[in-house]
Amino acid sequence: MRLYLAVAAGGFRRYATYGTATAAGVFTNTTFGFIVAYAYIALWDERPGLGGYDQAQALTFVWVSQSLLAAGALIGGGFQEEIQERVRTGDIAVDLYRPADLQMWWLAADMGRAGFQLLGRGLVPLVAGALAFQLALPADPLRWLLFLLSVALGLVVSFALRYLLGLLAFWLMDGSGINMMATVVSIFFSGMLLPLTVFPGAFGEFVRVLPWAAMLQVPMDVLLGRHAGAGGAAEALGFQAGWALVLLGAGRLLQSAATRKVVVQGG
């Protein structure tokens, strides 16, 4: 465990060194947040109560989503591209020889990265949004605690999905195409584009049970009180934990298959 804590701390420090990139990311998230917020205001003026949210809740969805965007790698980026490159160059052989589990190593590193992104790129956009708009942020400390727990589970689900993408490089060798498709899917099915509750009927029910919903939609609904009471919170967190276990298990199986089919290029 001390090894993986050290790896997580290293992931945090690694991203903390990129001060200029972090500042640019904060500016981009904040600017994009204002653009989306005014688009939501126009939409909710025309359709009050859309998706079960009032305008303040919809704006809260916008700004908290911006604070989680980088941490959850909701629009691409992340360690999976590094894994794919290491497979392409053959450096993955070094990773496989380490006296550490490959999945746990990358999970620890990604949690360190996500922790920095939450602090470095998440706080300023949320504060900017709270100062400029009326947001429906809860005053109940327990609600915030449940939200943070839901965010942590969402980050694990995000990691597990991206780990599967990284491992596919053992067969594809070039992950650029599948990464692009995965980003589009993540933007739409996580609720980053629009809350998933706005989609009606069977399609809405379908998208809300996919793993991408666990990355953003569920944490947002926990924060906004849509999973009220102990039963509602347990159901929401159980949904996320279930997908995390399923996807981590799938990653474990794919990792086992990949290590039996190692193709090292360049050496």
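1. Which residue lies over the face of Trp105, and at what distance from the ring centre? In this predicted model, that residue is Arg98, at 4.2 Å from the centre of the Trp105 ring.

2. Asp95 is found in helix α5, which covers residues 92–97. With a relative accessible area of 2%, Asp95 is buried, because the cut-off for that class is under 20%. If residues up to four places away in sequence are not counted, Asp95 touches Arg86, Leu102 and Trp106.

3. Phe159 has its place in helix α8, residues 141–167, and counts as buried at 0% relative accessibility. Once its neighbours within four places in sequence are left aside, Phe159 is in contact with Phe79, Gln103, Trp106, Leu107, Asp110, Met111 and Leu248. Phe159 and Gly78 are 81 residues apart in sequence, while their C-alpha atoms are 8.9 Å apart in space.

4. The count of aromatic pairs comes to 18. One of them joins Trp144 and Phe147, an edge-to-face pair with 5.8 Å from centre to centre and 85 degrees between the planes. Both residues belong to helix α8, and because they are three residues apart there, about one helical turn separates them.

5. Phe188, at 25% relative accessibility, counts as partly exposed, while Phe189, with a relative accessible area of 18%, is buried. Both take part in a cluster, linked by ring pairs, that consists of Phe188, Phe189, Phe199, Phe203 and Trp212.

6. The largest pocket holds about 320 Å³ of space. It is lined by 23 residues, of which Leu161, Arg162, Leu165, Ala182 and Trp212 are the closest to its centre. Trp212, named here among the residues closest to the pocket centre, is also a member of the aromatic cluster.

7. Helices α4 (79–89), α8 and α10 (176–189) each supply at least two residues of the lining of the largest pocket. The largest share, seven residues, comes from α10. Sorted by class, the lining has 13 nonpolar, eight polar and two charged residues.

Conventions: Residues numbered from 1 in each chain as written. Predicted model: local features only at pLDDT ≥ 70, side-chain atom pairs only at ≥ 80, totals over all residues. Heavy atoms only, no water. Helix = DSSP H or I, 4+ residues; strand = E, 2+ residues; numbered from the N terminus. Buried < 20%, exposed > 50% of the residue type's maximum accessible area, 1.4 Å probe, protein only. Contact = heavy atoms within 4.5 Å. 1 Å grid on protein atoms, 1.4 Å probe; cavity = no way out; pocket = protein on both sides within 12 Å on 5 of 7 lines; lining within 4 Å. Points joined across faces, edges and corners; volume = space filled by probe spheres on them. Nonpolar A, V, L, I, M, F, W, Y, C, P; charged D, E, K, R; others polar. Phe/Tyr/Trp six-rings, centres within 6.5 Å; stacked < 30°, edge-to-face > 60°. Lys NZ or Arg CZ within 6 Å of the ring centre and 35° of its normal.
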